[in-house]
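Welcome! Take a look at it first, then read on.

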Amino acid sequence: MASRSRPLALTLAGAVVVATAGCAPQDEKPTPTVTAASSCAKDSLPTRTPGKLTIATDQPAYEPWFSDDKPDNGEGFESAVAYAVAEKLGYTRADVTWIRVKFDTAIAPGPKDFDFDINQFSITEERKRAVDFSAPYYLVRQTVIALKSSKIAGRTSLAELRDARLGAQVGTTSYQAITDVIKPTAKPQVYNSNDDAKKALQNGQLDGLVVDLPTAFYITGAEITDATIVGQVPQVGTPEAFGLLLDKNSPLTSCVSGAVGQLTTAGTLKELEQKWLAQVAGAAELR
Amino acid sequence: MTLLDHVPSEAQLRRSAYRRRQTVHSVLVAAFSTAALGTLLVIAVTGAPGWDRVRRSFLDPQIARDALPTVLSGLWLNVRLLVCCAVGALLLGLVIAVLRTLRGPVFFPVRALAAGYTYTFRGLPLIIVLYLLTLGVPGLRLQGMPPVLVLGGIALVLTYGGYLAEVFRAGIESVHSSQLAAARSLGLTYRQTMRHVVLPQAVRRVAPPLLNDVVALQKDVGLVSLAGPIDAVRAAQIATAQTFNYTPYIVAGVLFVLLAIPLIAVTDWVTLRAARRQSGG
């Protein structure tokens, strides 16, 4: 965490610790005060290039996190989040510069060429030893996928999935989503790995497979192209959290985190998630 | 006391006393050495620096109680599968063994096929057979594809049939050829010879190793869980993943031992009876 002497920054950093440790949406976290926001003003922020914000992501940048491999078009969930954070910090769209950094390079220790990196980084204790993370901007949701020919393709509610044969990998939140949220009448099938589960889905031995949303996008987009996303399951268990990645002990961490926190509180992130993941990418919410 | 006329001699009394002392002495020594070893083991295990942590993560009574119902319902799957697969594998093994011991050049292809089967399925790892049958065969998307449990059962029967066929063959070949000659000279056909002379002796001789393989099968039936069904070990794995506590595995392990005890007892009893019969003539 940033350890600056200014007490306000410390308060903010404290809020960040609470937020990241809790790994939960900051429903009632105190919003940073006006003075705190002013200490995070554009002019006082020590970015790589003063007055500009350098944001990194991987090449290629995949759908639905980005669109057309063009992070600067503001389309796709992560691109939209990045611009929302930039705006909160006082940068206009023209002030934002995108660079490309490989995923593995970004999480490795060492100096960074970016102010922050947005690339579906899960926040883990292990990674925190090498880099800083902002407060989470996205909590990974569990998702039901099915073959387009499956009987559950196109269903829209959890109740309609009761009669489905569902499967998941053993020991995952996905399995918990089946037993705790969907509660189908047929016993869920459990697999050693997602690979076995995907095979069973392809064979038609399963009506639907539960995986996390990023995996669902990857499976339906690249691996099993005749599979489709049925929908997202309400949050369950301890979800994985995505955070913006910053250099270790970056002076920006507290401000970026504060901006993410404000976006969460204002409901902006929820709207962006709804727009880019649920509507555009077709992962509707099952209720 | 009633035989008043019998008075043991001085030497006899000394001998009895000596024997009694010896018996007491042996019992004491045995008790002491057992107690010493037991104490040593208890001290070594409970005195280990990590014992508390191990006990908490492997022997938590509350977690054991919570996991028991799901592990038991998983075990029920093991039991059902075991019964079906044991019967299937024994039958298949017997048939293959009989085919492999057929005489005459005309049966060469049958013998070759039977031998090829035992070579293949004894060599092929069970997990691979299971993958092929439970995830590979359904991919053909044929009409009337049996459920995954049946396919998994077929994989187990195929694999264990290979082992059991060899055990049966060893039994059949252990029947001396003079008995075959005697049976044929009495006018029995080949089938009758097998049915009334060879197989009864063969099966009796190899009963212990056959049951031994069934005990091994009991632990392997759970491997069908890789195709989706939840057996006892899988149920324990799920419970372990939820609590990060390994006690459910211990629960499953104890249940498996309890399940194996009757089968092992029967094996021992059959072995003992066979040994008595053979030595008694």
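**A first tour**

Helix H7 of chain A, residues 194-203, is mostly covered, with seven of its ten residues buried. Please keep in mind that this is a predicted model. The points below start with that helix, go on to a sheet in chain A, and then turn to chain B.

**The covered helix in chain A**

- The buried residues of H7(A) are A:Asn194, A:Asp196, A:Ala197, A:Lys198, A:Lys199, A:Ala200 and A:Leu201.
- Just after H7(A) comes A:Gly204, which has a positive phi of about 85°.

**The sheet in chain A**

- Five strands of chain A form an open sheet in the order S7-S6-S8-S5-S9, and their pairing is mixed.
- Strands S7 (189-191) and S9 (227-232) of chain A are at the edges; each has a single partner strand, so one side of each has no neighbour in the sheet.
- From one strand to the next, the twist averages 30°.
- Strand S5 of chain A, residues 142-147, runs antiparallel to S9(A), and five bridges join the two.
- Across from A:Thr143 you will find A:Gln232 in S9(A).
- Helix H6 of chain A (residues 173-182) packs on this sheet, where it touches S5, S6 (166-169), S7 and S8 (208-212) of chain A.
- The direction of that helix, H6(A), makes about 145° with that of S6(A).

**Two helices crossing in chain B**

- In chain B, the axes of helix H6 (residues 148-174) and helix H8 (residues 190-220) come within 8 Å and cross at roughly 155°.
- H6(B) and H8(B) are therefore roughly antiparallel to each other.
- Their crossing, that of H6(B) and H8(B), is right-handed.
- On the H6(B) side, the residues that meet H8(B) include B:Leu156, B:Tyr160, B:Tyr163, B:Leu164 and B:Phe168.
- On the H8(B) side, the residues that meet H6(B) include B:Val198, B:Arg205, B:Pro209, B:Asp213 and B:Leu217.
- Sorted by class, the contact of H6(B) with H8(B) has 15 nonpolar, two polar and three charged residues.

**Where the chains touch**

- How many residues of chain B are in contact with chain A? There are 13 of them, and they are in contact with 16 residues of chain A.
- Helix H9 of chain B (residues 232-243) gives the most to the side of chain B that touches chain A, contributing four residues.
- That side of chain B has eight nonpolar, three polar and two charged residues.

Key
Residues are numbered from 1 along each chain as its sequence is written. Chains are lettered from A and ligands numbered from 1 in the order in which they are written. This is a predicted model: local features need pLDDT of at least 70, side-chain atom pairs count only at pLDDT 80 or more; totals for chains, interfaces and linings use all residues. Two residues are in contact if their C-beta atoms, placed from the backbone, lie within 7 Å. Ala, Val, Leu, Ile, Met, Phe, Trp, Tyr, Cys and Pro count as nonpolar, Asp, Glu, Lys and Arg as charged, and the others, Gly among them, as polar. Axes are lines fitted to C-alpha atoms, for helices over the stretch in contact, and angles run from 0 to 180 degrees between N-to-C directions. Angles under 35 degrees count as roughly parallel, over 145 as roughly antiparallel, 65 to 115 as roughly perpendicular and the rest as oblique. A crossing is left-handed if the near helix is turned anticlockwise from the far one by less than a right angle, and right-handed if clockwise. A residue is buried if 20 or more other C-beta atoms lie within 10 Å of its own, exposed if 12 or fewer, and partly exposed in between; C-beta atoms are placed from the backbone. Two strands pair if DSSP finds at least two bridges between them.
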